[in-house]
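The following briefing is intended for a reader who has the sequence and coordinates at hand.

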Amino acid sequence: MKQESVILEAVNIGKTFGDVRALDTISLKLRAFTVHALLGENGAGKSTLVKCLMGYYRPDSGQILFNQKEEIIESPQRATRLGLGMVYQHFTLIPNMTIAENIVLSRADLPAVIDWDAEIKILQEKMAQMPFQFELRRLVRDLSVGEKQKVEITKQLLLDTKVLILDEPTSVLTPTEADEVLGKIHQLTQQQQLTVLMITHKFREVMKFADHVTVLRKGQFIGSAPVEDVNPQILSDMMVGGESLSKPPQRETLSDSKIKLNIDKLTVHNDQDLPVIQQLDLKVAQGEIVGIAGVSGNGQKQLVEVLSGQRSPQSGEIQAHGQNFLPHQNSIRQHKFFCLPEEPLKNACVGSLSVADNIVLHKFNEAPFAKWGLLRRGAIRRRAMELIQQYRVRTSGPDQPIAALSGGNVQRVVLARELAQDVSILVVSNPCFGLDFKAVADIRAQLLQARNRGAAILLLSEDLDEILEMSDRFYVISGGKLVHHTTPAQANMNTIGQYMAGH
Amino acid sequence: MQDVSFWTVIIAVLGGAIRVGTPFIFVSLGECLTEKSGRINLGLEGNLVMGAMVGYAVSYLSGSPWLGVLAAAGSGCVLGILHALLCQHKRVNDIAVGIALMLFASGLAFFYGKPFIQPSAPRLPSLEFGEWSSSPVVRAALDINALFFVGAALAPLLSWFLLRTRWGNAVRVVGESGDAALAMGIPINRVRLLSTMAGGAFAGVGGCYLSLYYPGSWSEGLSSGQGLMAVALVIFARWNPMYCLYASLLFGAAAALGPALQSVGINWGYYLLNAAPYILTLVIMIVTSDRRGTLSGMPGEFVK
């Protein structure tokens, strides 16, 4: 039986940043021992609301009640003391420390001198009751993203967190991992050990694991309801507010399919000089999307780095249009070979430069953006304005530094830059990571259009649904090797799951 | 005869490693602690020069060299605090502040140090381990200053502090990830202030060793860039205090090579060999660099 007492309540919270009304009198009731989903698009105000609860921001107006008592949460420490804990999308684990160090050091009552052996022993005993198990002496940097997520959650549980806030907890997990994590979290709430507020984009997770759902849109409270009373269609209407989604274009079959991208016996080493890609062969033809599915950390990152010129391969060849390809500016232009790496802000943008400058980053020294070796600001701005409109980038203007944009909008800018030009070969890595479903629909439609125009697209994604939806045929990568090849129509989920897990 | 001078050179180099390496120990441990907290203080060269001047002046005026050591540590503290306070502000670059403070502190030390160039101050005592030997070279080599033992003890102590204590771990967390520190409720600026302050104090002590023991007088050319070399040394030592100790001794040995050879009558390449520590710095930076990625042991805050 669920108790219906409210453990945490936000009443009429308002928050303004500069001219932007980020939160406009938002209210939220979190019932004890339930999972409450907080749903909304990018920029809807979910993160701002949660940061107000966690003491990172002070709301301009409104109250926060904890156990029916008003609390002023002036700092994250105060939130921690109340029993509020949060797992962030960008993990706050320290990569160069062990799991044990990460967990022990976040304890509030750390002794002056730490006896590590004793601490680890105590931890091991406590771990027995935890839903996830780890080898405590492993370094965090050696963990996969999914494992890090589990360590973060375990850390919060060990810190006696009563209300756990999860910021898009499954965006980095495989479907199986996501179900495992959310399933165990849900179980903990049913055992009356935990209350969860979960920020998410995924309807499936809301319907399957949440008890209540609240929807925000553009800083406004739209509605709140028990999950039994809603369905994905209602939620989607609440989130988007009647705006239409991009329709996926028809897949066109091209008659002539010559090979555009040919990767031949590619071997790549990582920073520790260990092989992470071994003798990889791959061909992508004109007008097809070839997917690479797999759990992160199986060489995908290094493969993209090689294709985008950020890393040198150990051996092997990359051919574009039958010619040897080295990622230099001239051959990139000649072969129209472009990359959309993951974490575009870090890998494909200069954060402090403006949106407009980032849009012309590849060809600012070419006409019409430059003449006689001088930049033509007007032309650059006009181009930026065009693309901002066309790709619906939410920005204050072309002169805003790109780092100030939300993740989805940075992704849109980079996609606009790469796809607005004539593309022949495109490498895309996790293009929809952490984006809301409207942005996802936009981006997938753009990719399909590029395919229909005859581009050869290599799509690497940790999201199996994305691979199944987007690719014409796909591989599974595991341990730096392509271990399985199939098409979405013929795919058998069990087989794929086993290959992904490395069996 | 040939055999005897070979051993003399070895002993002289070992003694020299300790004699010349001691200030490196202090400065590199100071820099190590500062960098572990996520800041680089290039100003330690200034702390060194200032420590040398203040230590010498206080020793001269008070008659107690140990009071001089304390005063040198104090001067380093003040410079460290100054660095930390300036760096707390947004968009202030720690390296630029370090260089500015290095020039500022050196200039200040030269200005106030003018009257102390001539007079002779009481020097720090040393422990004579070489009395059994009749060879003056051996006796000189085994004349070991008390501060060396302090420095040698400081290295394991700092290791223990960083790994085993709450405060030391706070320093590491702050240096590894500001975000994590924030989430754990560690006051980042205060931790960096204290680390830079303590690091500055260590460097100040290293400085007064120069003026109060070896070479043993105050002059403007006293440091010759040892504070900057200590920064390279910390990288070489992979931010590990024990390695800092060993690396300091290695640098000391390199510096002692020229004088040791001269003491047995080999004058060839004396000035060239005096450049050995600098060449060693360059060689070490090249050998230990890694074009593929970041160095292991580097505090996470530097990687961003």
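**Strand S21 of chain A and its surroundings**

Strand S13 (residues 288-293) of chain A is joined to S21(A) by four bridges, and the two run parallel; strands are DSSP runs (E, at least two residues) and helices are DSSP runs (H or I, at least four residues), numbered from the N terminus, and two strands pair if DSSP finds at least two bridges between them. This is a predicted model, in which local features need pLDDT of at least 70 and side-chain atom pairs count only at pLDDT 80 or more, while totals for chains, interfaces and linings use all residues. Residues are numbered from 1 along each chain as its sequence is written, chains are lettered from A and ligands numbered from 1 in the order in which they are written, and side-chain values use heavy atoms, with hydrogens and water left out.

- S21(A) and S22(A) make a hairpin with two residues between them, and A:Gly479 in the turn has a positive phi of about 60°.
- Six of the six residues of S21(A) (residues 473-478) are buried, so the strand is largely enclosed by the rest of the structure; buried means under 20% relative accessible area (1.4 Å probe, protein chains only).
- A:Arg473, A:Tyr475 and A:Ile477 point one way from S21(A), whereas A:Phe474, A:Val476 and A:Ser478 point the other way; all are buried.

**A four-stranded open sheet**

- The strands of this antiparallel open sheet follow the order S12-S11-S14-S15 (chain A).
- Strand S12 (275-285) and strand S15 (323-324) of chain A stand at the edges with a single partner strand each, so one side of each is left without a neighbour in the sheet.
- Two bridges link strand S14 (residues 315-320) of chain A with S15(A) in the antiparallel sense, and A:Gln319 has A:Asn324 in S15(A) as its bridge partner.

**Chain A overall**

- Chain A contains 17 helices and 22 strands.
- Of its 503 residues, 54% count as buried.
- Along the principal axes, the C-alpha atoms of chain A fill a box of roughly 65 × 50 × 45 Å.
- Among contacts (heavy atoms within 4.5 Å) in chain A with a separation of 6 or more, 67% involve residues 24 or more positions apart.

Technical notes:
Buried means under 20% relative accessible area, exposed over 50%, partly exposed in between (1.4 Å probe, protein chains only).
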